[in-house]
Amino acid sequence: MTKSLQGPDRSRDLSQPLEKLGPDEAMKVRSDYLRGTINEGLLDSITGAVSGDDNAKLMKFHGIYVQDDRDLRDERRRQKLEPAYSFLIRLRLPGGVCTARQWLKLDELARAYGNGSLRVTTRQTFQFHWVVKIDLKATIRGLHETLIDTIAACGDVVRGVMASVNPSLSALHAEVYDAARRVSDHALPNMRAYHEIWYGEERVATSEPEEPFLGKQYLPRKFKIGFVIPPDNDIDVYTQDLGFIAITSGGKLQGYNITIGGGMGRTDSAPETYPRLGDVIGFIPKDKLLAATDAVIGVQRDHGDRKVRAHARFKYTIDDLGLDWVKAEIERRLGFALKPPRPFKFTTNGDAFGWATGEDGRHHFTLFVENGRIVNREGLALLDGLRAIAQAHQGTFRLTPNQNVVIADIPARGKAKIAALLKQYGLDHRNDQGLLRLNSMACVALPTCGLAMAESERYLPSLVTKIETILTENGLSKEPITIRMTGCPNGCARPYVAEIALTGRAPGKYNLYFGGGFHGQRLNKMYRENIGEEAILSAIGEIAAHYARDRKPGEHFGDFTIRAGYVKEVRAGREFND
Amino acid sequence: MQRVDPTDFPSPGLLSADQWRQINALAATLSAGQALWLSGYFAGLESARTGAAVALANAPGAPAPAPVAAARTRTLTILYGSETGNSAALAQTAAVEAKALGLDATVSDMGEYKSRRLREEQDLLLIASTYGEGDPPQPAVDFFEFLEGRKAPSLTGLRFGVLALGDSTYEKFCEAGKRLDRRFEELGAARLLPRVDCDVDYDDSAAAWIADALALLARDHGKPAPQTGDGVSTIAEAKPAAFDKKTPFPATIIDNFVLTGRGSSKETRHIEISLEGSGLSFEPGDALGVTPRNDPALVAKIIGCLGLGAGAPLKLKGSKTPFAQALEEKFDITAATPRFLEQWANLSASGALKKLLGDEHARERAVYVRDHHIIDVIREFPVPGVLAEAFVAGLRPLQPRLYSIASSLAANPEQAHLTVSTVRYELHGEPRAGVASGHFADRAAPDAVLPVFVQSNPHFRLPADDVPIIMIGAGTGVAPYRAFMQEREARDAAGRSWLFFGERNFRTDFLYQTEWQAYLKDKVLTKMDVAFSRDGAKKVYVQHRLAEHGREVFAWLEEGAHIYVCGDASQLAPDVHAALISVVKKHGARSQEAAEDYLRGLQRDHRYQRDVY
């Protein structure tokens with residue numbers, strides 16, 4: 001232990017007076033526990049956004065982002081019209097599980113208010129896009145009818161808690177999913193503001209603090225938690241601020257290895273920002289789960305940077321204060337020392353597609369959904385097909401961290417019916433895709449995301465087609481390779497652990513990365529900066545040919561790009577920009 | 001630009017007659033840029049003689065270090081275009097450092113800067129980052145568009161410097177800054193110091209540029225200003241011919257675009273017309289008369305249908321005009337009239353047409369005229385060998401159309417803006433358009449010329465600056481209120497204002513939305529309420545909003561507010577009038593009769609004014 005005698009540097013954290021901290025800290029404090037003037041802003045008929053300076057940021061805590069149709073932004077500006085504002089609504093859906101009844105409600109709301117589209121996110125939940133202001137309350141009340149809310153789906157709080165889908169391990173999944181739910185509920189802000197604004201409930205006078213654990217300043221930034229069941233690393237546990245790796249003995253859950261300090265976001269041309277993978281710091285028995293959660297979040301709440309938001313994620317707190325000090329502080333708060341981590345092994349961070357049968361005899365079908373977009377398109381009525389299945393289905397749905405959908409818990413007698421519906425809607429062959437496409441992910445980006453600098457969801461499918469041609473020419477079509485694309489450097493599709501990654505810089509221009517670990521165990525590294533499609537294909541073509549020639553048996557593409565010297569291995573986040 | 005005759009300036013008296021003559025002789029040959037350079041030259045020469053450390057320009061045309069004449073009173077503005085805040089931070093830093101040097105600088109975001117202030121600027125420092133592929137930062141897009149567009153003013157007399165921020169991994173490195181640098185030079189401004197292009201590690205180069213720029217400015221400021229001729233304002237104004245309805249002014253279109261957003265059920269246009277050199281003047285509330293021209297395609301169809309030649313001369317009041325030109329410019333060739341039917345019935349000897357002309361068939365005639373344009377009539381009843389003169393004898397002369405002017409001369413000198421809703425529909429399987437609105441929509445691109453005149457509207461006038469106003473308009477009826485707001489902003493008028501606006505759909509039809517938002521933000525407009533009739537299950541119109549806010553509307557009236565109604569005469573005006581009566585009844589506790597009296601009183605006092613059509 002290298003705990004310094006002076007104690008940690010506290011010049012940037014919660015202990016400082018508000019005027020010394022970043023502007024968002026004051027904003028949170030003056031928001032009256034996230035109420036702000038959202039109600040007044042919703043009534044402003046002169047704008048399709050929610051007026052009031054703080055409200056756009058505050059609404060994130062309510063799971064709502066104001067966006068606009070960027071395809072029309074310039075055209076409308078010339079027409080003296082404000083941007084075509086609409087809202088993204090992100091649901092809180094721990095572990096990505098919803099019932100068939102809930103699915104039908106979501107389908108109905110998507111058709112009524114969300115432009116006929118449901119979007120599966122990379123964190124196992126749904127997003128509605130294109131919801132206009134006058135429909136916001138109706139959408140959120142519709143969700144409430146089926147006991148779904150959007151609390152803390154964004155904002156400086158614990159975001160949606162993830163959990164492996166593991167179709168075949170029924171009992172273990174049930175237990176871990178239950179743990180994810182409990183942690184999600186436990187870490188949730190009370191947020192009376194949400195009930196007042198969206199459900200129209202009365203404000204109750206109270207002398208108690210509204211948020212005893214989080215306080216008026218909530219967390220310094222978002223905080224992501226996930227549960228993983230080896231050997232699948234589908235949730236990319238190393239990218240979570242706090243990850244729980246299920247440890248079993250004889251098929252029974254014993255407890256969890258804890259990993260801390262993962263995070264993807266970075267900023268181009270700001271070398272002090274970098275993606276980082278979590279460190280496994282020890283093991284806890286399963287009955288210490290909530291205590292461990294509180295201890296870890298507490299350290300970040302009290303020590304995270306509240307001056308500069310770009311430096312406020314837990315990963316920087318850990319690198320600034322030292323992993324040893326942070327671990328010791330977690331143990332101090334827990335009141336006991338963590339046991340050494342138990343052994344575990346990951347093999348992939350992708351999904352297993354098609355039919356699987358659980359230990360309990362129930363069936364599951366994992367359906368490929370390209371980039372998570374569920375809509376009706378010419379030739380593929382995915383929204384209609386899944387609605388028909390939900391109408392017939394007795395079990396649940398699970399959204400995977402790779403943006404796919406598992407039709408889960410189908411009793412033996414119900415399988416034929418589901419299979420027939422899959423066939424009827426042409427969904428039985430959706431999984432017959434190239435391995436690159438099955439292992440691809442893209443964030444939403446243009447036209448709705450305000451951060452995007454380049455296309456992602458609308459572009460990756462056609463790029464994958466071109467890359468698959470190259471792979472086929474080199475005899476590599478049977479090789480699983482992960483490819484991920486984002487429209488900006490913030491990393492929603494977890495690009496920095498992919499074997500091939502592209503992050504947007506400008507329309508048609510991307511940074512190209514290679515060398516991520518196949519099961520999410522290693523960061524990749526930038527190979528070329530700010531290049532267009534021709535250069536991207538040429539780089540991949542060159543390396544693919546080399547890989548086809550010289551790879552060792554079982555050697556993954558990401559590993560090869562390092563061995564062959566195309567990129568340097570990144571051993572720690574701080575080396576990412578070297 | 002008016003040319004200035006230097007001999008119009010009185011001799012300042014400091015100079016001998018001979019010196020003055022020589023200066024006048026030289027001045028007559030100078031371009032604006034040369035004159036500016038020389039003014040700096042003389043100021044610098046004086047500084048050098050008195051021992052001040054001034055580097056003189058060593059060659060004409062070098063990036064002008066231009067010490068400038070009226071230094072003592074020059075203003076300094078620092079404009080920034082920022083995407084992530086770096087340029088904004090640098091601008092603030094520069095302002096703080098300027099203050100330390102005794103220079104008062106105004107810092108402004110290009111996104112909020114009123115572009116028309118540019119022509120008043122004297123010293124201008126620009127700090128701009130580049131976004132994506134050579135684009136300006138999002139908030140600065142409007143500023144760039146104005147600057148690089150045809151509306152940009154001449155900027156002779158302005159000194160500027162550009163600090164460009166960028167990222168050299170992009171192909172178009174610092175392009176936004178380069179564009180500013182190029183454009184200010186093109187517009188005649190003098191470059192104070194060379195542009196500096198900064199990469200992502202901009203701290204040192206930016207600091208150096210700021211220091212250099214401020215040093216140059218500080219050197220010029222604080223020096224006594226040389227005597228300037230205060231008689232500049234005696235520049236003789238060319239006396240333009242008086243243009244009116246009979247002799248309209250051939251005005252040039254300078255902008256023309258659709259205000260309604262994609263997917264709208266309407267096509268409403270914003271048109272900007274240059275009145276430069278016309279001497280035309282108007283008040284907010286006045287209308288612009290525009291004589292449209294007919295669609296040449298329709299002219300061709302008619303001529304073809306008549307079996308005549310386009311070039312055949314048509315005798316008109318003694319002069320001869322080619323037939324096609326006459327149809328395009330002189331006659332109303334769209335709607336059929338009873339007079340035309342009569343003429344055509346005679347020419348065609350058609351029994352059916354003749355029958356329609358009888359008094360007992362007035363209703364059928366009205367329906368027929370509504371459903372048949374002239375082209376439809378001549379197609380249905382061909383007259384082989386008809387003479388052009390015989391055809392036009394049934395036509396009315398093409399009349400000018402009046403449009404409420406949507407701009408104020410105080411804000412947009414020598415311009416008139418119009419808000420025009422394009423009339424389009426289908427008849428007998430063919431697309432048709434309104435004569436004037438079709439002309440604006442399809443044949444009035446920038447640089448096209450249209451005959452215009454000003455039609456005064458003394459019954460639609462702003463009150464004194466401190467009097468509150470309530471403006472009610474639907475659709476293009478909002479046009480004069482834009483003029484009102486421009487005028488009140490320019491006059492810094494203190495009176496409160498309240499706008500009620502109605503249209504079909506919020507998303508696409510909120511005409512001038514961003515302008516109203518800016519007026520609200522700047523408190524030029526006090527309140528605004530909107531009614532979009534097709535957004536909800538229930539149709540909502542402006543009169544419903546008036547009723548909802550009745551108590552406050554009545555309070556404003558009691559406090560002396562003037563109330564305006566502009567728009568449709570058949571629906572809006574009576575509905576609003578009825579709503580106002582209800583408001584006065586309910587909130588003024590008056591009988592129907594007393595409420596009507598109340599409104600009549602307002603009309604008598606010119607406090608209730610309508611411009612309906």
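Chain B contains 21 helices and 23 strands, where helices (H or I, at least four residues) and strands (E, at least two) are DSSP runs numbered from the N terminus. The model is a predicted one, in which local features need pLDDT of at least 70 and side-chain atom pairs count only at pLDDT 80 or more, while totals for chains, interfaces and linings use all residues. Residues are numbered from 1 along each chain as its sequence is written, and chains are lettered from A and ligands numbered from 1 in the order in which they are written.

Of the 613 residues in chain B, 38% are buried; a residue is buried if 20 or more other C-beta atoms lie within 10 Å of its own, exposed if 12 or fewer, and partly exposed in between, with C-beta atoms placed from the backbone. Two residues are in contact if their C-beta atoms, placed from the backbone, lie within 7 Å. Among contacts in chain B between residues at least 6 apart in sequence, those joining residues at least 24 apart make up 76%.

Two pairs of helices can now be visited. In chain B, the axes of α3 (residues 86-100) and α6 (residues 203-220) come within 10 Å and cross at roughly 40°. Axes here are lines fitted to C-alpha atoms, for helices over the stretch in contact, and angles run from 0 to 180 degrees between N-to-C directions. The helices α3(B) and α6(B) are therefore oblique to each other: angles under 35 degrees count as roughly parallel, over 145 as roughly antiparallel, 65 to 115 as roughly perpendicular and the rest as oblique. Their crossing is right-handed, the term for a near helix turned clockwise from the far one by less than a right angle, with anticlockwise giving left-handed. On the α3(B) side, Leu90(B), Thr93(B), Ala94(B), Glu97(B) and Ala98(B) meet Ala206(B), Ile210(B) and Leu214(B) of α6(B). The residues of this contact divide into six nonpolar, one polar and one charged, where Ala, Val, Leu, Ile, Met, Phe, Trp, Tyr, Cys and Pro count as nonpolar, Asp, Glu, Lys and Arg as charged, and the others, Gly among them, as polar.

In chain A, helix α5 (residues 100-113) and helix α6 (residues 136-145) have axes that come within 10 Å and cross at roughly 170°. The helices α5(A) and α6(A) are therefore roughly antiparallel to each other. Lys105(A), Leu109(A) and Tyr113(A) of α5(A) meet Ala138(A), Thr139(A), Gly142(A), Leu143(A) and Glu145(A) of α6(A). Four nonpolar, two polar and two charged residues form this contact.

In soluble globular proteins, nonpolar side chains tend to be buried together. A nonpolar core is a set of buried Ala, Val, Leu, Ile, Met, Phe, Trp, Tyr and Cys residues joined through C-beta atoms within 7 Å. The largest such core has 154 residues, and Phe227(A), Ala246(A) and Ile407(A) touch the most other members. Leaving aside neighbours within four places in sequence, the contacts of Phe227(A) include Met162(A), Val176(A), Phe244(A) and Ala246(A). Another core lies apart from it, with 73 residues, among them Ile46(A), Leu418(B), Ala436(B) and Val584(B).

Where the chains meet, 20 residues of chain A are in contact with 25 residues of chain B. On the side of chain A that touches chain B, the elements giving two or more residues are α4 (70-78) and β22 (525-531) of chain A. The largest share, five residues, comes from α4(A). This side of chain A divides into seven nonpolar, six polar and seven charged residues.

Several loops hold details of the backbone. Most residues other than glycine have a negative phi, and most peptide bonds are trans. The peptide bond from Pro230(A) to Pro231(A) is cis, with omega near 15°, and Pro231(A) lies in the loop between β7 (225-228) and β8 (242-249) of chain A. The bond from Leu446(A) to Pro447(A) is also cis, with omega near 10°. Arg494(A), which is not a glycine, has a positive phi near 50°, and Arg494(A) is buried, with 27 other C-beta atoms within 10 Å. Ala349(B) has a positive phi of about 55°, but counts as exposed with 10 C-beta neighbours inside 10 Å.
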